[in-house]
Amino acid sequence: MAKDKYSKIPGGLFISFEGIDYCGKSTQVKLLASRLGSEGYGILVVREPGGTQISEKIRDILLDNANLKLAAEAELLLYEASRAQLTRELIIPGKDAGKIVLSDRYFDSSTAYQGYGRGLDIESIHKMNMIASAGIKPDTTFLFDLPAETAQTRYASVPLFKDRLEEEKIDFHRRVRSGFLAIAAAEPFRFKILDADDDIEYISGKIYTEISQFLR
Ligand SMILES: Nc1ncnc2c1ncn2[C@@H]1O[C@H](COP(=O)(O)OP(=O)(O)O)[C@@H](O)[C@H]1O
Ligand SMILES: [Mg+2]
């Protein structure tokens, strides 16, 4: 199919994937993108922090192991800056073009990590999230819920370079996990909570079923 010949969805569709590191977000984004892509939909996959040339530069600062002195407030603003750019440069144009935009993390991660994890003021983060996202919200957000201990087991089995955030202590990841659950509880219509310890195929089936309602 030619690049501009895809099944357009009026107004597009914006779906975010959230949860602690190693919960399976990237795995599921990939599976959903290939399934929907093969059905002829226009798919745009983005990740946070990053996704654009400018945002990827911000990502490098955020994930650099050398930046141990990065203040929590500076970290928050860098994430929001990356998001502001990504939203305007890719997400809004993608939606306007009738595409399905899949975002590997979005603003709920700032609330969970910088708010619940680091203890910054949640209301202030909400306001910054609204500025960064230009007022748009994901149509659906999948939260992959996983105990921090299980994530750590997965982490230990992947012999990859570990970034600054992944090296945080387990207590931090516990706070982030319960933060995500609190955020989801406050917006039950937007959030779909999945047990991230289920089989990969089972989870991807559930995600596909949820998304199907938007495609008819
Ligand atoms: N449902 C699952 N059950 C067990 N392992 C999984 C599952 N989903 C993903 N994994 C594995 O866990 C690791 C982290 O997955 P990934 O998708 O990269 O997570 P994230 O993007 O949330 O950090 C990978 O090795 C992946 O193969
Ligand atoms: Mg990932």
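Each stop below gives a selection and then what is found there.

**Before you start**

This is a predicted model: local features need pLDDT of at least 70, side-chain atom pairs count only at pLDDT 80 or more, and totals for chains, interfaces and linings use all residues. Residues are numbered from 1 along each chain as its sequence is written, and chains are lettered from A and ligands numbered from 1 in the order in which they are written. Helices (DSSP H or I, at least four residues) and strands (E, at least two) are DSSP runs, numbered from the N terminus.

**Stop 1: the ligand**

Select ligand 1. The shell around it has 15 residues, and Tyr22, Gly24, Lys25, Ser26 and Thr27 come nearest. A residue counts as near if its C-beta atom, placed from the backbone, lies within 6 Å of the molecule. Which helix gives the largest share of the shell? It is α1, with three residues. Helices α1 and α8 each supply at least two residues of the shell. By class, the shell divides into six nonpolar, four polar and five charged residues. Here Ala, Val, Leu, Ile, Met, Phe, Trp, Tyr, Cys and Pro count as nonpolar, Asp, Glu, Lys and Arg as charged, and the others, Gly among them, as polar.

Now pick Tyr22. It sits in the loop between β1 and α1. Its phi is positive, about 75°, although Tyr22 is not a glycine. Tyr22 is buried, because 23 other C-beta atoms lie within 10 Å. The cut-offs: buried means 20 or more other C-beta atoms within 10 Å of the residue's own, exposed means 12 or fewer, and partly exposed is in between, with C-beta atoms placed from the backbone.

**Stop 2: α1 against α8**

Select residues 25–38 (α1) and 200–215 (α8). Their axes come within 10 Å and cross at roughly 55°. That makes α1 oblique to α8. Axes are lines fitted to C-alpha atoms, for helices over the stretch in contact, and angles run from 0 to 180 degrees between N-to-C directions. Angles under 35 degrees count as roughly parallel, over 145 as roughly antiparallel, 65 to 115 as roughly perpendicular and the rest as oblique.

The crossing of α1 with α8 is right-handed. A crossing is right-handed if the near helix is turned clockwise from the far one by less than a right angle, and left-handed if anticlockwise. On the α1 side, show Thr27, Gln28, Leu31, Leu32 and Arg35; on the α8 side, Ile200, Ile203, Ser204, Ile207 and Tyr208. Contact means C-beta atoms, placed from the backbone, within 7 Å of each other. This set divides into six nonpolar, three polar and one charged.

**Stop 3: helix α4**

Select residues 107–117. Is this helix enclosed or exposed? Eleven of its eleven residues are buried, so α4 is largely enclosed by the rest of the structure. The buried residues of α4 pack against β1 (13–18), α3, α5, β4 (140–145) and α7 (170–186).

Step to Arg105, in the loop between β3 (100–104) and α4. Phi of Arg105 is near 80°, a positive value in a residue other than glycine. Arg105 counts as buried, because it has 23 C-beta neighbours inside 10 Å. Just after α4, Gly119 takes a positive phi of about 85°.

**Stop 4: α3 beside α5**

Select residues 72–96 (α3) and 122–132 (α5). The axes come within 8 Å and cross at roughly 25°. The two helices are therefore roughly parallel to each other. Their crossing is right-handed. Leu76, Glu80, Arg83, Ala84 and Thr87 in α3 meet Ile125, Met128 and Ala132 in α5. The contact residues divide into five nonpolar, one polar and two charged.

**Stop 5: α6 and α7**

Select residues 148–157 (α6) together with α7. The axes come within 9 Å and cross at roughly 125°. α6 and α7 are therefore oblique to each other. Ala148, Ala151 and Gln152 of α6 touch Ile170, His173, Arg174 and Arg177 of α7.

Asp163 lies in the loop between α6 and α7. Leaving aside neighbours within four places in sequence, Asp163 is in contact with Leu63 and Asn65.

**Last stop: a cis peptide**

Select Glu48 and Pro49. The peptide bond between them is cis, with omega near -15°. Pro49 lies in the loop between β2 (43–47) and α2 (53–63).

Methods. Two residues are in contact if their C-beta atoms, placed from the backbone, lie within 7 Å.
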